Amino acid sequence: MRAARACAVAAAALLLSGCADLGYYWQSASGHIDIMRAARPVPEWLADPATSAPLKAKLELTQRIRRFASAELGLPDNASYKSYADLHRPAAVWNVVAAPPYSLTLKSWCFPVAGCVGYRGYYSEDAAKAEAEAQRLLDLEVAVYPVPAYSTLGWMNWAGGDPLLSTFIGYPEGELARLVFHELAHQVLYVPGDTVFNESYATAVERIGGAMWLQREAGEPARREYAQFDGQRQDFRALALNTRRALTQVYESPEAKAKDWPAVEALKKAAMADFRARYAELKKGWSGPRQGAYDGWVARANNAAFGAQGAYDDLVPSFEALFEREGRSWPRFYTEVRRIAALPTTDERRSALQAATGILQTHSSDNNNGDHGA
C-alpha cells in the first residue's frame, strides 16, 4: 500500500512540474517517497522490542503533544505526526537561500502548490551545496542550512501524512512541541508566494502553543530547560534583528543610492564586525550545554542567512498581538488570519495586520517573494 501511494505522489509531482526542471522535481518526489517508505505508525514502533526505551518515551510524548495540538490549539486532527521514520541522516532536507551582495531580499524560486518562496530544498546535502555554488557563480551570497522537518501542507494526509522524524525526535520537550505546532499550523493556512506571512504566522502559533504546553502539561525540569535556552534564543533574535536593521540602513544609504559600492562594502563590513563583537559579549552571559548553539550561524552569517531568518521573525509580534486581540481564542484567531491571508497582495496583508494590531509594519528586509500587486 505504501509503495502504491508513493508512486501516486511521484506521478502527481511530475505532472504538476510540467517540463521545467524535471531533475529537481524528481529528487523532491523521490526524496519524499523515501521518507514515506521509512515511516511506520507509532503503535508499531512502541510494540517493537527493538525500539529503545528512550525512543519509546519520546514517541509517547509526541502523541500527547499531537492530541494537545488538536484539542487545545485548534490544529488539524489528521494522519500527520502519528507515524515515525528513522532517516539515518542529520536533516530532512537542506535549504539553499541566496541574496544579492547589498540586499537582504532573498532570491525566489517558484513551485507548484507552494508558489514562489525564498529557498530551494534538497534531500541531499551534496546537491544543496552544488546548488549553492551555482548561485555563488551568479554573484549572490548563499547559505545552506539543515531543516529537521517540513510540511506538505496537508496535501499528503491521504497517503499517511507528515511523519515524525529522527531528525527532531530527540529535541527537548518544549522544542519538540513547538516544532509539531509550527508544522501543523501550515496545514491550517498557507499563502502561496508569501514566505514571511506564512512563517511568521506559524512561528507565532508555535510560540503561543509551546508556552501553553509547558504551562499546562510539562514538568518543572522541562520548563526550566526550555526557559534557559529560550532566553538565549530571544537575546540572539534581538541582536539579529538589530543587525538586519543596520544592514538595511547600509543598503538604503546615500552611498548605495549613489552606487558607491566600495563605501557600501566598508559600511557592510563594519555592521557585520559589530554583530560578531556583540554576539561574543552576549555569549559571556550564557551558560548550559547549548551555549554555543549559534556559533556556526554567526561565523557564516551573510545577507542570505539574515534574510532567511527575517522570514521567520518579522511579523511574529503582529500575529501574537492579533491572538491577544481575539481574546486568546484559537477559532477567532484563525478566522481573522484567514481573512487577512485572502487579501491579494503582500502590501494589503501587511496593512491589514497593522490596522488589526496597531503594530507598525516596518521590516528589516523584504522576503515576500513576488506578489506585490500581483
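Two strands pair if DSSP finds at least two bridges between them. Helices (H or I, at least four residues) and strands (E, at least two) are themselves DSSP runs, numbered from the N terminus. The model is a predicted one, in which local features need pLDDT of at least 70 and side-chain atom pairs count only at pLDDT 80 or more, while totals for chains, interfaces and linings use all residues. Residues are numbered from 1 along each chain as its sequence is written, and side-chain values use heavy atoms, with hydrogens and water left out.

Start with the sheet that contains Arg 40. Strands S1, S2 and S8 form an open sheet in the order S1-S2-S8, with mixed pairing. Its edge strands are S1 (40-41) and S8 (164-165), each of which pairs on one side only. S1 and S2 (residues 83-85) run antiparallel and are joined by two bridges. Within that pairing, Arg 40 stands opposite Tyr 84 in S2. Arg 40 also lies over the face of Trp 45, at 4.3 Å from the ring centre; a charge sits over a ring if NZ of Lys or CZ of Arg is within 6 Å of the ring centre and within 35 degrees of the ring normal. A second case of this arrangement is Arg 120, which lies over the face of Tyr 24 at 3.8 Å from the ring centre.

Ala 38 belongs to helix H2 (residues 22-38). Leaving aside residues up to four places away in sequence, Ala 38 touches Trp 45, Tyr 84, Ala 85 and Asp 86, where contact means heavy atoms within 4.5 Å. Ala 38 and Ser 83 are 45 residues apart in sequence, and their C-alpha atoms are 9.7 Å apart in space. With a relative accessibility of 26%, Ala 38 counts as partly exposed; buried means under 20% relative accessible area, exposed means over 50%, and partly exposed is in between (1.4 Å probe, protein chains only).

The other sheet to follow is also open and has three strands, in the order S6-S3-S7, with antiparallel pairing. S6 (120-122) and S7 (141-147) stand at the edges with a single partner strand each, so one side of each has no neighbour in the sheet. From one strand to the next the twist averages 25°. S3 (residues 93-99) is joined to S7 by seven bridges, and the two run antiparallel. Among the bridge partners, Asn 95 has Tyr 145 in S7, and Val 96 has Val 144 in S7. Helix H12 (residues 303-313) packs on this sheet and touches S3 and S7, its direction making about 50° with that of S7. Axes here are lines fitted to C-alpha atoms, for helices over the stretch in contact, and angles run from 0 to 180 degrees between N-to-C directions. On the other pairing, S3 and S6 are antiparallel over three bridges, and Trp 94 stands opposite Tyr 122 in S6.

In a regular strand the side chains alternate between the two faces of the sheet. For S3, both faces are covered: Val 93, Asn 95, Val 97 and Ala 99 are buried on one side, and Trp 94, Val 96 and Ala 98 are buried on the other.

The structure holds one disulfide, a disulfide being a pair of cysteine sulfur atoms within 2.5 Å. It joins Cys 110 to Cys 116, with an S to S distance of 1.9 Å. The torsion about the S-S bond of Cys 110 and Cys 116 is about 95°, so this disulfide is right-handed. Cys 116 is partly exposed, at a relative accessible area of 23%.

Aromatic contacts come last. Rings of Phe, Tyr and Trp (its six-membered ring) pair if their centres lie within 6.5 Å; planes under 30 degrees apart count as stacked, over 60 as edge-to-face and the rest as tilted. The whole structure has 27 aromatic pairs. In one of them, the rings of Phe 236 and Tyr 279 have centres 5.9 Å apart and planes at 80°, so the pair is edge-to-face. Phe 236 lies in helix H8 (residues 220-251) and Tyr 279 in helix H10 (residues 261-283), so the pair ties together parts that are 43 residues apart in sequence. Phe 236 and Tyr 279 are both buried. Tyr 279 also pairs with Trp 286, with ring centres 6.0 Å apart and planes at 75°, so this pair is edge-to-face too. Trp 286 is buried, as is Tyr 279. Ring pairs link these residues into a cluster made up of Phe 229, Phe 236, Phe 275, Tyr 279, Trp 286, Tyr 294, Trp 297 and Phe 306.
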